[in-house]
Amino acid sequence: MSPLIERWIRPEILDLAAYRIPDSTGLVKLDAMENPYTWPDSLITSWLEMLKTTSVNRYPDPAGHQLVTRLRDVMAIPEGQAVLLGNGSDELIQTIALALAGADRVIMAPEPGFVMYRMIARFTGMQYHGVPLRSKDFALDLNAFLTAIERYDPAVIFLAYPNNPTGNHWSRIDIEQILQATNGLVVMDEAYSPFAADTFMEDLGRYDNLVVMRTLSKLGLAGLRLGYLCGPPAWLDEFNKVRLPYNINTLTQLTAEHALANIQVFTEQASWIKQRRAELIQQLATFPGLQVFPSDANFILLRVPTGTAEAIFSALLAQGILIKKLDDSHPLLDDCLRVTVGKPEENSGLIRALADILSP
Ligand SMILES: *Cc1c(COP(=O)(O)O)cnc(C)c1O
């Protein structure tokens with residue numbers, strides 16, 4: 001490495017492996033929790049019509065007022081709570097961390113969990129502490145969590161509800177205990193809310209340290225990059241200070257607004273995905289040797305026979321199906337794979353390929 005780079009790039013960044021996104025050209029993409037469905041023709045036509053009169057020579061609305069108004073309405077954000085937009089919820093995690101950062105300050109999250117919490121702690125020079133979930137069912141280990149809170153006094157706790165990559169949601173009672181026990185902020189990361197049975201959105205205002213973070217990515221707009229954070233104005237006013245002025249571009253603002261004005265298209269797609277999820281879980285459970293975990297999201301966690309995860313992942317890839325291999329990513333995820341729920345033909349393709357691979 002060039003001495004110049006070694007001298008100036010922060011050591012913790014030099015140590016880091018960049019977040020790797022595999023090339024998926026030509027593959028059935030069941031790795032990234034995308035909504036597989038595209039837009040109906042009528043929605044595309046009205047969208048293109050709208051874009052004709054859109055001027056991109058001007059900067060976007062810095063606060064995205066119209067989009068926020070639409071979000072408040074469609075997502076039933078409680079009155080009196082503020083909304084902050086992010087370029088994906090990934091950016092909101094970073095915004096929160098930037099506002100709280102300090103060398104002795106801790107980001108805490110259950111593990112295995114969403115990897116960006118740890119990575120962004122690193123980027124922003126914060127400490128990270130992961131609290132292991134229970135190995136049997138990936139439930140929160142409340143005692144371990146409360147002990148860790150006392151010991152590390154976290155500035156912020158991220159709770160993905162439901163959790164990625166395990167797919168389950170945790171006990172609401174446990175979460176309420178965490179909210180009461182911590183002196184820090186609690187971010188409920190509801191990236192999978194379109195597929196989930198419960199939400200903390202209606203609990204905003206009941207706790208002065210609770211915020212709810214969501215995204216339009218898993219609903220079907222991953223390409224737009226739009227996340228939104230909801231919570232007490234006193235917190236969000238501070239986060240807003242470290243947000244870059246024009247973080248949500250004009251095309252994203254207009255397109256998201258257009259999509260939200262036609263939200264029934266997306267809620268219908270989400271309900272198809274939930275039906276397909278139930279079918280897929282049932283079909284996967286018929287394979288001997290596969291452990292299928294319950295899911296409240298648009299993906300399913302699997303445990304395959306000991307030592308076979310890599311071979312199964314590669315065999316699926318050879319048949320043109322890309323899933324996520326989690327084996328090796330965390331000790332509690334030994335022999336685990338994650339599959340996103342796809343279209344019916346993609347799911348049946350997966351089942352056929354697995355039958356082929358797993359048959360003795
Ligand atoms: C996908 C995901 C995100 C990031 O979503 P973007 O809005 O696309 O950045 C955040 N949290 C969890 C738990 C996720 O799975």
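In what order do the 4 strands of the open antiparallel sheet lie? The order is β9-β10-β13-β12. The model is predicted, so local features were required to have pLDDT of at least 70 and side-chain atom pairs pLDDT 80 or more, while totals for chains, interfaces and linings use all residues. Residues are numbered from 1 along each chain as its sequence is written, and side-chain values use heavy atoms, without hydrogens and water.

In this antiparallel sheet, β9 (291-292) and β12 (324-325) are at the edges with a single partner strand each, so one side of each has no neighbour in the sheet. Helices (H or I, at least four residues) and strands (E, at least two) are DSSP runs, numbered from the N terminus, and two strands pair if DSSP finds at least two bridges between them. Strand β13 (residues 336-340) is joined to β12 by 2 bridges in the antiparallel sense, with Lys 324 opposite Arg 338 in β13. Helix α12 (residues 263-285) packs on this sheet and touches β9 and β10 (299-303), where contact means heavy atoms within 4.5 Å. The direction of α12 makes about 10° with that of β10; axes are lines fitted to C-alpha atoms, for helices over the stretch in contact, and angles run from 0 to 180 degrees between N-to-C directions.

Another open sheet has 7 strands with mixed pairing, in the order β2-β8-β7-β6-β5-β3-β4. Its edge strands, β2 (82-86) and β4 (127-132), each pair on one side only. From one strand to the next, the twist averages 25°. Strand β3 (residues 106-111) runs parallel to β4, and 6 bridges join the two; Ile 107 stands opposite Tyr 128 in β4. Helix α10 (residues 233-242) packs on the sheet, touching β2, β6 (185-189), β7 (210-215) and β8 (227-231), and its direction makes about 30° with that of β2.

Polar contacts are pairs of N or O atoms within 3.5 Å. A polar side-chain atom of Tyr 192 lies 2.6 Å from an oxygen atom of the ligand, and a polar side-chain atom of Thr 215 also lies 2.6 Å from a ligand oxygen atom. Taken alone, the ligand exposes 390 Å², of which the protein buries 93%; accessible areas come from the Shrake-Rupley method with a 1.4 Å probe.

Note on methods: A polar contact is a pair of N or O atoms within 3.5 Å; within protein, one must be able to donate a hydrogen and the other to accept it, and residues adjacent in sequence count only if both atoms are side-chain atoms.
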